[in-house]
Amino acid sequence: MKIRKRGHGAAKIKKTAGLSREAFLPVSRADMDVRGWDELDVLIITGDAYVDHPSFGHAIIARWLEAHGFRIGIISQPDWRGTADFLRMGRPRLCAMLSAGNLDSMLNRYTAGGKKRREDSYAPGGEAGRRPDRATVVYSNRVRELWGDIPLVIGGVEASLRRLAHYDYWSDGVRRSMLTDSRADLLVYGMGELASLEIARRLSDGESVSSMRDIPGTCWKTHDANAAKDAVPLPSFGEVSSDKTKFAEAFRLSYGENDALRGKRLIQDQGAWLVVQNRPARPLSTGEMDAVYALPYARAWHPDYDAAGGVPALKEVKFSITTHRGCFGECGFCAISSHQGRIIQRRSDESIIKEAELLTRLPDFKGYIHDVGGPTANFTTPQCGDSLRRGACKGRSCLYPRPCGKLRASHEGYIALLRRLRALPRVKKVFIRSGLRYDYILADKKSAFLEELCRWHISGQLKIAPEHVSASVLRYMRKPPREVTEEFLKKYAEINKKLGLKQFLVPYFISAHPGSTLKDAVELAEFIRDNGLHPEQVQDFTPTPGSLSTCIYHTGLDPMTMEKVYVPRGAEERRMQRALLQYWMPENKNYVRKALIKAGRRDLIGRGPKALVD
């Protein structure tokens with residue numbers, strides 16, 4: 001992709017080893033002075049520490065705008081109790097763009113039990129408490145205090161998944177679109193490169209932000225319902241906040257239009273405003289994806305954080321490579337399809353190889369590429385030709401309840417890429433640590449991907465996420481049936497035996513998911529026992545905005561069928577379900593015993609070979 005340069009564009013900075021301030025975008029007036037800048041074009045505000053790496057959304061958008069000729073500055077984790085931090089680089093010429101960071105700020109700060117987290121891996125030294133609750137709204141209010149009339153654009157995961165009326169677990173209620181709560185002019189949802197660039201260009205050309213009503217991947221607000229006559233009307237905020245059936249209906253309608261190629265605009269009355277959601281931004285081309293990941297990232301945290309020991313979140317991703325975006329897995333508890341979409345957007349192999357070669361030249365590279373993947377590592381090719389022509393199918397899933405007949409389950413290209421990466425000088429091992437869909441692996445009848453994976457790309461253990469085994473729970477998770485999990489366990493064991501390797505599985509499970517009764521939790525505990533599994537991590541289901549499972553949790557309804565669904569809500573039952581999945585732990589014994597009695601399974605109490613607790 002050819003990148004345009006503007007006359008007032010990015011400063012020409014001598015390349016460094018990536019550790020000096022000059023390798024980063026400005027974070028202070030002094031940094032601007034070094035470049036000879038009187039003002040910024042765009043000020044980016046983020047709830048994360050400034051890490052100049054393509055796994056951090058603020059870095060991607062900032063470098064993308066810089067590459068197209070705009071002067072960009074970054075204010076990270078500002079003190080929201082006043083306006084001084086926001087003012088440190090002055091008023092930008094065009095606009096302020098802000099985000100809560102790589103995670104929803106409420107999820108970042110609180111556990112499923114509502115307790116404050118002790119660490120924040122996106123903050124210097126992992127220090128918790130450096131961002132406020134609902135950071136997007138709080139930061140927006142500070143910007144409005146400073147510059148009431150400035151064009152204000154919000155984006156990132158928090159804004160993206162709260163773009164319409166949504167259920168908020170931490171307040172146990174329905175909240176309005178974050179666009180109205182924040183008093184922003186535009187909300188960018190999804191990954192944001194195309195929309196952010198178009199906004200900046202049109203502002204620079206003198207267009208008013210209030211006239212930008214046609215940009216894909218954005219939401220805007222109006223008082224005039226006739227301003228979006230083509231939009232699909234959703235039940236209003238007043239309706240969805242008082243009627244759970246209406247909430248489920250709104251979710252079903254919005255979910256069905258979440259596609260860049262066939263989706264329609266949506267409109268929802270929020271009370272004081274009507275919010276219009278334009279159709280999602282088109283998928284990036286391979287050339288555009290290559291351009292995004294070839295930008296001059298310092299691939300390090302800002303030097304200001306050295307004294308705190310850096311930013312922990314970088315450790316997991318510094319030597320990892322993103323191959324693609326999008327996920328057609330549609331797990332019920334995941335909102336990736338609402339953020340990145342279901343259409344796979346892939347980089348070229350050459351782009352990926354160049355990034356790997358760059359990693360091998362970094363001074364702290366030890367020979368290990370930690371990951372090669374995306375939201376789902378082995379979804380590296382589009383699910384079918386139809387998805388590229390017409391978009392992902394409305395009302396149909398590629399994998400649930402079974403693989404679609406048109407699904408192109410193939411790992412051949414992925415295998416070829418991994419072999420090239422393994423052959424690079426200085427590379428000792430290439431790991432795959434992103435999630436893998438093993439039902440997709442089993443659907444591929446042509447390649448020997450599982451053997452390739454076991455032989456070369458894991459070290460002693462493989463993480464998998466069956467999440468559950470009960471049919472009634474898997475239905476709402478949109479995960480493969482139990483027999484598929486059992487088939488994979490068998491094949492994994494057979495291949496490792498063939499290779500003469502002793503490698504284990506590390507399974508991940510979710511407790512207290514909508515649809516799960518104590519009986520279902522006991523079934524999962526028995527499965528864990530019978531397969532000799534000892535999950536180290538069990539995740540309590542946490543309702544987060546944008547997911548199907550969250551809609552079910554709030555309404556007690558499956559929005560696709562409007563059938564009633566059992567939802568475990570009480571703290572006592574949730575604690576029992578969690579304890580069952582780690583029944584061998586001494587601290588869980590009382591809860592396990594109580595759960596078994598309540599479920600009518602006293603036969604599992606005692607000292608017999610099948611007993612879960614004595």
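The legends below describe close-up views of a predicted model. Local features require pLDDT of at least 70 and side-chain atom pairs pLDDT 80 or more, whereas totals for chains, interfaces and linings use all residues. Residues are numbered from 1 along each chain as its sequence is written, and side-chain values use heavy atoms, with hydrogens and water left out.

**View 1. The largest nonpolar core comprises 60 residues.** A nonpolar core is a set of buried Ala, Val, Leu, Ile, Met, Phe, Trp, Tyr and Cys residues joined through side-chain atoms within 4.5 Å; buried means under 20% relative accessible area, exposed over 50%, and partly exposed in between (1.4 Å probe, protein chains only). Leu421, Phe449, Leu462, Phe488 and Leu580 touch the most other members. Helix α20 (residues 518-530) supplies the largest share of this core, seven residues. Helices (H or I, at least four residues) and strands (E, at least two) are DSSP runs, numbered from the N terminus. Another core, of 54 residues, lies apart and includes Val27, Ile60, Trp64 and Leu284.

**View 2. Tyr167 and Tyr553 form a tilted aromatic pair.** Rings of Phe, Tyr and Trp (its six-membered ring) pair if their centres lie within 6.5 Å; planes under 30 degrees apart count as stacked, over 60 as edge-to-face and the rest as tilted. Here the centres are 6.1 Å apart, with 45 degrees between the planes. The pair links distant parts of the chain, as Tyr167 belongs to strand β6 (residues 166-168) and Tyr553 to helix α21 (residues 548-555), 386 residues apart. Tyr167 counts as buried because its relative accessibility is 3%; Tyr553 is likewise buried, at 7%. Arg569 lies over the face of Tyr553, at 4.8 Å from the ring centre (a charge sits over a ring if NZ of Lys or CZ of Arg is within 6 Å of the ring centre and within 35 degrees of the ring normal).

**View 3. Nine strands form an open sheet with mixed pairing.** The strand order is β3-β1-β4-β5-β8-β9-β12-β11-β10, two strands being paired if DSSP finds at least two bridges between them. Strands β3 (72-76) and β10 (232-233) stand at the edges; each has a single partner strand, so one side of each is left without a neighbour in the sheet. Strand β1 (residues 42-46) pairs with β3 in the parallel sense over five bridges, and Leu43 stands opposite Gly73 in β3.
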